[in-house]
Amino acid sequence: MNDEVEANKQRSRRLTSDAALPVATDEMLRDALQRTRPYTVCILKATPAYQPPGPAREGWVADLIWEHGKRNYALYLAGLMRIVCPIGDGSGTTGVSIFDADPDEVGRIMRQDPGVKAGLFSYEIHATQTFPESTLASAVAATVSNERSDARPGRRRARVG
């Protein structure tokens, strides 16, 4: 895992200059935009009732947030919450998620969230779109996964790079 993190940091440093980025032509962008599909972004915010992690957090709040996390994971496993990102930087935004559902459905889902129902969180919903192949899987993980899935007895796979 540490090797993967370090590889991503090095890649990020190499791409901080526009000159180091891959070429994207008008035609490439037009083609890519034809393949976008709708998603919904949800931004979770702390309310005044929210208690940040630490020794001052009451047990009932910790329990509720645990239930919130379990529900988020269930939504992820069901394929509804495609990406879930807790945020703990003290900014008042406590999470960002991307749903594979329309904004009305996401509103229904969020109204049932234990933390929302208890008044610990509020949320904003935004319709968006992105490329279906967008992912947070690292290039290293994708390469390993592809090598495993393509591995067949008696067949060699050419390595790139």
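Keep in mind that the model is predicted.

Let's begin with the pocket. Rolling a probe the size of a water molecule over the atoms shows where empty space is left. Here, the largest pocket holds about 560 Å³ of space. Its lining has 32 residues, and those nearest the centre are His 68, Pro 86, Ile 87, Thr 94 and Phe 121. Which element gives the most to the lining? That is H3, with eight residues. By type, the lining of the largest pocket has 18 nonpolar residues, eleven polar and three charged.

Now for the rings. The structure has two aromatic pairs. In one, the ring centres of Tyr 50 and Phe 121 are 5.7 Å apart and the planes meet at 40°, so we call the pair tilted. This pair links distant parts of the chain, 71 residues apart: Tyr 50 is in the loop between E1 and H3, and Phe 121 is in strand E4. Is Phe 121 buried or exposed? Phe 121 is buried, because its relative accessible area is 5%, under the 20% limit.

The other pair is Tyr 73 with Tyr 76: their centres are 5.8 Å apart and their planes are at 20°, so this pair is stacked. Both sit in helix H3, three residues apart, which is about one turn of the helix. Tyr 73 is partly exposed at 49% relative accessible area, and Tyr 76 is partly exposed at 41%.

How values were computed: Residues are numbered from 1 along each chain as its sequence is written. This is a predicted model: local features need pLDDT of at least 70, side-chain atom pairs count only at pLDDT 80 or more; totals for chains, interfaces and linings use all residues. Side-chain values use heavy atoms; hydrogens and water are left out. On a 1 Å grid over the protein atoms alone, a cavity is a set of points where a 1.4 Å probe fits but cannot get out, and a pocket is an open set with protein on both sides within 12 Å along at least five of seven lines; lining residues have an atom within 4 Å of a point. Grid points are joined across faces, edges and corners, and a volume is the space filled by probe spheres set on the points. Helices (H or I, at least four residues) and strands (E, at least two) are DSSP runs, numbered from the N terminus. Ala, Val, Leu, Ile, Met, Phe, Trp, Tyr, Cys and Pro count as nonpolar, Asp, Glu, Lys and Arg as charged, and the others, Gly among them, as polar. Rings of Phe, Tyr and Trp (its six-membered ring) pair if their centres lie within 6.5 Å; planes under 30 degrees apart count as stacked, over 60 as edge-to-face and the rest as tilted. Buried means under 20% relative accessible area, exposed over 50%, partly exposed in between (1.4 Å probe, protein chains only).
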